[in-house]
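Open the structure in your viewer and keep the selection panel at hand. The stops below say what to select next and what is there.

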Amino acid sequence: MLLSIRSLSKAFPGTKALDAVDFDLEAGEVHALLGENGAGKSTLIKCLTGAYRRDAGEIWLDGAQISPESTSQAQDLGIGTVYQEVNLLPNLTVAQNLTFGREPRRFGMIDGRAQTRMAEEMLRGYGLEIDVSRDLGFYSVAVQQVVAIARAVALSGKVLILDEPTASLDAAEVRMLFDVVRGLRDKGLGIVFVSHFLDQVFEICDRLTVLRNGRKITTERVAELNRLQLIEHMLGRELEDVTEHGAAKGSGDDQAQSRAEILHFEKIGRPGLVEPFDLSVREGEVIGLAGLLGSGRTESAELLFGVRSPATGSARDAEGAVAHGTPREAIRSGFGFAPEDRKTDGIIADLSVRENIILALQARRGWTRPIPRAEQNRLAQKYIDRLDIRTSDAEKAIGDLSGGNQQKVVLARWLAMNPRFLILDEPTRGIDVGAHAEILRLIRELTEAGMSVLVISSEFDELVAASDRIIVLRDRRHVRELTGSEVAADEIVRAIAGRPAEPATTMEATR
Amino acid sequence: MSVNPRLYPLLATIGIFIAAYIVCWLQFPYMLSTRVAGNLLTDNAYLGIVAVGMTLVILSGGIDLSVGSVIAFSGVFIAVVLRETGLHPLIVFAMLLSITTAFGAAMGGIIHGLAMPPFIVTLAGMFLARGASYMLTIDSVPISDPFYEALKDAYWLMPGKGRLTFIGILMLLSVAVGALIAHRTRFGASVFAIGGGEHTARLMGVRVGPVTVGIYAFSGFMAGLSGIVFSIYTGSGYPLATVGAELTAIAAVVIGGTLLTGGAGYMVGTLFGVLTMGLIQTYIVFDGSLSSWWAKIVIGVLLLLFILLQRGLLRVTALRA
Amino acid sequence: MKRALRRVLPQIVTLAILMALTSVFFPQFLAVDYQGGRLSGPVVDVLKRGAPVALLAVGMTLVIATRGIDLSVGTVMAITGAAGAWAIASGWGVGPALLLALATGLVCGLWNGCLVAIIGIQPIVATLILMTSGRGIAQLITEGRILTFNDPAFSWLGSGSLAAVPVPIFIWVLTAIAFAALMRRTALGLLVEAIGINRSASALAGINAKVLLIAVYMASGLCAALAGIIATADIRGADANNAGLWLELDAILAVVIGGNSLLGGRFSIAASVLGAMIIQTIDTGILLSGFPSEYNLVIKAGLVLTVLVVQSPNMARHWFLLRRRAQRLREPAPVEGSAPR
């Protein structure tokens, strides 16, 4: 056994990130590490690479116990890591990146020619024909990935951790990368492969380990497992156990069909983000967007709200074309969007709760027509009460609130606008369980008042409970729409697994 | 083999310099003489030396606003110490260089330690150094030392009767040493790495703190050396001298093709940036009818040109990635 | 109101201490004379001489609130002063000359704003271009001379007085009040703070950051134009070389002393102009107290460092980091999105 981890534990305040996890890696195998958000993958990797210090457990490498305390120490021990966002410097040449920190020197000065030779030597066998004296940034991300791998292998040489290396590559580039990975495997390296693309896992990996909620669920040979079983492991449900959503939903569905369509999106898409998709929005309905991480859920929402402008497609309502190419246009068209990453895209940390609530409303009214202070206070108080935002007062800076309360403030910002179409990306992420139910109830209230809501969530049970219909995404495509009695967690899982329940599989990814 | 794109700004710099020189030569054939060339080096020696330090700072993504004041402080310090004591100028030089290097190192330490923007920290340094030179004297203090006279008159007579002075040679040497440090040492590689992205640099094993201190210490050292050269050039120390030299140096660095946001550039480009700016001045002197303000406008236009060129290059590389 | 007062309290206390200190060395500091229909005395002098920096600080406050900086304001003073003086000298009359000067300031701001907001150059670089080349443009207008003029109405703006109070004081106080009112009585202040704190979240909330950024740089240009008019009117001539020289640094200093973060966000115009008065009090105070004026810069340097160390939130984080380093804890807080929660 090249690398073995025995009952590794790591806790953060409030959460147990890893709970006695075991993990084995053999030389000459590609071992996938899988799990949804918060499963503990990245914590495990960070413990391995020395970015985190473990609380308990043992790590054995080549029969010796190790406890790396920094990335460079892990590197010296033989564990190299390559991340999705290439952690090399695009402004240095390929040769400088490859040899950084170990430049060949003569009389104390870096020997440029020897450096070039050394870099070319390091790249040999990777099938790259590139000029190492050019800036790394000159080359595509795929080439940069391979350069990063070459550096990691040369520096470490035993274990290579690939953390979502394919997330921003196209199909041809993935093939190139996989050739490299296979080559390294055959040379006897142990490779840990983290990816959200299950097709890729089935293509390249020998074994896989699934983590969920900080625990190891299983380790299996890939050949002995099918997609459905894998997804069941990842999501933690046995299909038989899934409670059917049943009849109530069915009648609701008839109602949904009879509702008036308020918005129709056609062929919205952008290369590299999401394949073109159609979306019809009816009055007062909740549309769920389901899919694994990286399937294009958030990207779909961003295209709808104009955060990234769609390359193709159009939107229209009863009155004609609807502009949504930028957030401002989308807002004018009556859209709202509570993004996934609250801290960077949602809250304005130093502003008060009141100011955060009225911000979008104020932006739409224009700067010349300030909302009177009394009205601001009234709005703030109204939403603090209605959403039960826990804050000592409306003037407290939003940055000082808990995650759930911040989320409620962002929601309040959009509710104050009274949009006709509200997009909520992971509205319950990172907030406590009590608040989950409140937010679900709130979504119901909103739709009863006629608002249409699009909800993105990794919590399929929640999605099923909240949605009138669910659109399932896989590999950046909208692959299936579930309506009526199909709105159930097991159907979502099947659709993600790509099991052909119906001919929707013509859209099947062909990786 | 096609030209490496990382060389584009440098080639543009050299190209502009050569084109400008040709324009000057066509109009005033005398411009192409070793005399003019020698004077170009001598007149811009102090600027070239301080720009070498500035280049390293800018390559790391920082900025050093204190250098103009440090040059003035150096001149005043030397003049006053020589007047008050009987020390040999070389000893005074050593004292001065230790002071300015330590001063730079301290600023680097504050920038790293308190995680403050270099802009504001070196602004404080600028006030401090200027204030310190005022405290030494408020008058222009002449330097009369035989050793100084010797340094001032030291030159190598080039063919064509042009004088390559000691301070001109010192500038060329500074550029050479600066180029070695920036492009041929691990310290230099770390500077580029920090300029490319501090976080990534740290992940690649750069010790950001010591390197930052080193960068500003180097800039302080170069500012001190530039102060020595300036005092040789003017034969005096004056606390009001070289006001705004930091901006001229920054402009020279940018016109020299170094990316103002850090991470890309060549030390030799800075030399050409300095010479281009000097050439504009020389041309105005030769012309006689043109006013000096044109120099500022042309430099401004060149600045804009290079900033836009690099922005365009960034965009091109971003599209490829 | 109470909140606003608490915000500027450190500045007021600093100013009071400085004035008290100066009074110790120069007892007549607080004396105000009424002679020949106008007030005079050291305090009045501080208020009058502080006018350019106070005006620049008003515009700079807004620029810094958006996480930017405007290095060109001193140069813009020279350009606008030159433009105004040229117009007067060419016989345009006071009104058109003032309009030309103000319009010139707005155009300069528009230039900076476009470079920052549309082309996307960082503010310090973008405004550096105008800073270096602008004096050349000013000299182009004055043709390298000190362009003098003799127009009582124009010079009244710099050296005249209204109701016994020097006109420049009116100009800066009214400008500060006008901008503060514009920011706080409309929603501008909130929107400016929002883009300074979190531009991406602001854009998602529908704020038009580009237009706001350009507007803020134009405001800075306008303030610089007013300062340029005062400086020009005061000496009855446009000095392209020296008008506003290095005042951008004093303006930034005033904003920093005013407790506004260089990282953008919450701002207070009142605190910034108090900062400008603190700087001017140091200038005048040192002169009057008989200390060599050389001390001035050293004190300023000390002030910058003190303010940064005391007010910067970085400092708190720094101590925190130091403590953490001491505990040899290397892990950053779990990253949002991929870490356990």
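In what sense do strand β13 (residues 261-270) and strand β16 (residues 312-317) of chain A pair, and over how many bridges? Select both: the pairing of β13(A) and β16(A) is antiparallel, over four bridges. Two strands count as paired if DSSP finds at least two bridges between them. Helices (H or I, at least four residues) and strands (E, at least two) are DSSP runs, numbered from the N terminus.

Before going on, note that this is a predicted model, in which local features need pLDDT of at least 70, side-chain atom pairs count only at pLDDT 80 or more, and totals for chains, interfaces and linings use all residues. Residues are numbered from 1 along each chain as its sequence is written, while chains are lettered from A and ligands numbered from 1 in the order in which they are written.

**Stop 1: around β16(A)**

A:Arg316 stands opposite A:Ala321 of β17(A). Two residues lie between β16(A) and β17(A), and the two strands form a hairpin. Strands of a sheet pair through backbone hydrogen bonds, either parallel or antiparallel.

**Stop 2: a six-stranded sheet in chain A**

Select β6, β9, β10, β3, β11 and β12 of chain A; in that order they form an open sheet of six strands with mixed pairing. At the edges are β6 (79-82) and β12 (215-221) of chain A, each pairing on one side only. On average, neighbouring strands in this sheet are turned by 20° against each other, direction ignored. Angles run from 0 to 180 degrees between N-to-C directions, and axes are lines fitted to C-alpha atoms, for helices over the stretch in contact.

Zoom in on β6(A) and strand β9 (residues 159-163) of chain A, which pair in the parallel sense over four bridges. There, A:Val82 has A:Leu162 of β9(A) as its bridge partner. Next show helix α5 (residues 141-155) of chain A, which packs on the sheet and touches β6 and β9 of chain A. The direction of α5(A) makes about 170° with that of β6(A). Then show α1(A), which lies across β3 (30-34), β6, β9, β10 (190-194) and β11 (207-212) of chain A. α1(A) runs at about 145° to β9(A).

**Stop 3: two residues with positive phi**

Most residues other than glycine have a negative phi, and most peptide bonds are trans. Select A:Asp62, in the loop between β4 (56-61) and β5 (64-66) of chain A. Its phi is positive, near 55°. Is A:Asp62 buried or partly exposed? A:Asp62 is partly exposed, because 13 other C-beta atoms lie within 10 Å. A residue is buried with 20 or more other C-beta atoms within 10 Å of its own, exposed with 12 or fewer, and partly exposed in between; C-beta atoms are placed from the backbone.

Move to A:Asp388, in the loop between α14 (373-386) and α15 (403-415) of chain A. Phi of A:Asp388 is also positive, near 55°. A:Asp388 is partly exposed, because 14 other C-beta atoms lie within 10 Å.

**Stop 4: where the chains touch**

Colour by chain. 41 residues of chain A are in contact with 30 residues of chain C; contact means that C-beta atoms, placed from the backbone, lie within 7 Å. On the side of chain A that touches chain C, α13(A) gives the most, with six residues.

Turn to chain B, where 23 residues are in contact with 21 residues of chain A. α9(B) gives the most to the side of chain B that touches chain A, with six residues.

**Stop 5: a helix in chain C**

Finish with helix α11 (residues 209-235) of chain C, which has 27 residues. From first C-alpha to last it reaches 39 Å, close to the 39 Å expected at 1.5 Å a residue; the expected span is 1.5 Å times one less than the number of residues. α11(C) is mostly covered, with 23 of its 27 residues buried. After α11(C) comes C:Arg236, whose phi is positive, near 50°.

Note on methods:
Two residues are in contact if their C-beta atoms, placed from the backbone, lie within 7 Å.
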